[in-house]
Amino acid sequence: MIENTKIELIPTGNTPQKIETSIAEFNEPLSNLLKHVGLPTDNVLQPIEERRKVIFSLESALEVLPYEDREKAYYLSKFTVAITVGLFDGALAFLWDETIKALRQLIIKFDLEYFYSVAGELASRYKKLNGEEDLAAISDYDLLDICKRIGLINDVNFKRLEYVNYFRNHASSAHPNDNPISGIDMLNFLENCLKYAITAEPDISVVNIKRLLDNIRKNVIPNTDYQPIGKDIAKQPQERIDDLLLTLFGTYCSPDQEQTILDNIGGICPFIWDSATEQTKYKIGAKFGLYRVNGDVKRKDSTQKFLEIVNGEGYKDEDSLAAELIEKLENLKSVHFEWNNFYNEYSHAVSIDKSLGNKGIPTAARKVFVKVVCLCYAGNGKGYREGVDERAVSYYEKFIKFFKVPEVVDFLNLFADSEFTTNLNKSKPDNRMRDIAKALKNTTTDVHINKALDVIINFPLKALGNVSGDTRFKEPMKYVK
């Protein structure tokens with residue numbers, strides 16, 4: 001009888017056999033219960049050996065979490081119980097919930113306003129979010145991406161957490177699946193989530209951004225400090241420079257903004273503008289046309305003044321098409337990285353097609369257009385289909401036919417973009433990317449461009465993520481402008 005059996009799960013020294021015996025003692029009654037009520041038992045509970053691996057290393061893995069934090073980590077209690085009974089898919093769902101909860105708390109502690117500013121630039125559906133409770137509306141992938149962009153997690157740790165998120169979407173109890181998870185997998189997931197999210201702290205460069213934003217909002221910054229601040233920001237990663245500039249531009253254009261804040265931004269932004277990418281400058285310039293056709297006179301005038309201050313009037317777009325298209329592309333990109341993208345990309349592709357018509361690709365939207373269309377056409381390699389939203393493919397193919405020489409050059413430069421190449425180690429995206437390169441060879445007779453495209457077409461399988469560093473690719477790219 002189970003009530004007469006002593007079950008010991010606490011490791012004391014090297015006692016793997018005792019733990020295995022203890023698990024077995026309550027594993028059989030669980031299986032018998034399932035059979036008694038007519039439910040399946042095959043492939044439901046993980047093997048005892050796999051559970052032992054996690055239990056034996058659990059105490060060591062949790063050492064990074066202070067005791068006072070453990071006492072409130074109910075999801076980790078559920079994780080441990082689920083591991084012990086053999087429900088690894090449930091354990092992973094509990095662990096991921098705790099991870100997202102921890103990242104949300106980190107965001108709140110850091111700078112919620114800045115976070116939402118970056119979120120709104122990532123996808124327009126996030127533009128009206130503002131409170132702590134609205135964080136739940138941000139998809140898990142986008143939450144990770146925004147945390148990376150503002151520096152709460154670095155690029156390497158983003159990849160680690162993205163990998164856990166992938167398994168959560170495709171192997172946990174959050175969604176129906178039959179994908180196995182091993183004990184070693186669960187230990188890796190636990191360690192990565194604990195170290196790089198649940199106990200994470202922003203580095204000093206990110207703290208300096210927070211201080212700058214606080215000072216812009218609260219203090220009068222002397223004119224003599226503008227240039228040193230700009231030089232310091234120029235040392236930040238490029239993505240963070242661009243996001244900060246977009247945040248300050250958005251604040252500058254907010255109606256009824258305090259004059260002190262406008263003066264601070266107007267003094268600092270010319271120096272940040274010099275370090276920003278062309279894509280970001282065109283994105284800001286495109287807002288002028290959008291505000292004009294919508295009758296938003298205050299923001300239109302603020303945009304004009306901002307562009308004058310940074311000497312960026314050449315980036316002004318008189319038409320609303322570019323800004324509208326950029327917003328739609330960013331929404332498509334956000335949906336692409338969600339777990340059910342196969343079913344949700346289509347409507348966004350249709351909407352982009354309606355905006356584009358036969359007008360060609362606006363200069364201000366060109367780089368983001370090329371990236372998002374190629375990213376979605378290549379797919380993520382997941383699922384039983386081609387790893388894409390098959391209903392949207394015909395639209396992506398139509399969009400790629402719009403590419404001319406500048407778009408082909410943008411395509412080639414994307415192979416140095418880690419987000420773009422993230423799935424190119426999988427067969428389906430790898431093959432589809434080569435298909436794009438083959439199609440683009442008909443676009444130009446430029447010898448160097450076609451040589452670079454040939455390198456992509458003939459590069460070793462599932463290795464296109466490394467092509468930008470290969471000398472065979474780098475050599476022709478020296479002459480590609």
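**Helices, burial and salt bridges**

Trainee: Is Lys281 buried or exposed?
Mentor: Lys281 has a relative accessibility of 9%. Buried means under 20% relative accessible area, exposed over 50%, and partly exposed in between, with a 1.4 Å probe and protein chains only. At 9%, Lys281 therefore counts as buried.

Trainee: Before going on, how are residues numbered here?
Mentor: This is a predicted model, in which local features need pLDDT of at least 70 and side-chain atom pairs count only at pLDDT 80 or more, while totals for chains, interfaces and linings use all residues. Side-chain values use heavy atoms, with hydrogens and water left out, and residues are numbered along each chain as its sequence is written, from 1.

Trainee: Which residue forms a salt bridge with Glu278?
Mentor: A salt bridge is a side-chain nitrogen of Lys or Arg within 4 Å of a carboxyl oxygen of Asp or Glu. Glu278 is partly exposed, with 37% relative accessibility. Three residues along helix 14, about one turn, lies Lys281. The closest N and O atoms are 3.7 Å apart, and the partner of Glu278 is Lys281.

Trainee: How many helices and strands does the protein chain have?
Mentor: Helices (DSSP runs of H or I, at least four residues) and strands (runs of E, at least two) are numbered from the N terminus. By these runs, the count for the protein chain is 23 helices and zero strands.

Trainee: Why are Glu162 and Lys159 about one helical turn apart?
Mentor: Glu162 and Lys159 form a salt bridge, with 3.4 Å between the closest N and O atoms. Both residues belong to helix 8, and their separation is about one turn because along the helix they are three residues apart.

Trainee: Where do Lys195 and Glu191 lie?
Mentor: The side chains of Lys195 and Glu191 meet in a salt bridge at 3.5 Å, N to O. Lys195 is partly exposed at 37%, and Glu191 is also partly exposed, at 36%. They are four residues apart, about one helical turn, in helix 9 (residues 183–198).

Trainee: How many salt bridges does the rule give?
Mentor: Side chains of opposite charge can pair when their charged atoms come close. The pairs above, including Glu278 with Lys281 at 3.7 Å, are counted by that distance rule, and the count comes to 31.

Trainee: What percentage of the residues of the protein chain count as buried?
Mentor: The protein chain has 481 residues. Lys281 and Glu162 are among its buried residues. Of the 481 residues, the buried share is 51%.

Trainee: What box do the C-alpha atoms of the protein chain fill?
Mentor: The box is taken along the principal axes. Its dimensions are roughly 80 × 55 × 40 Å.
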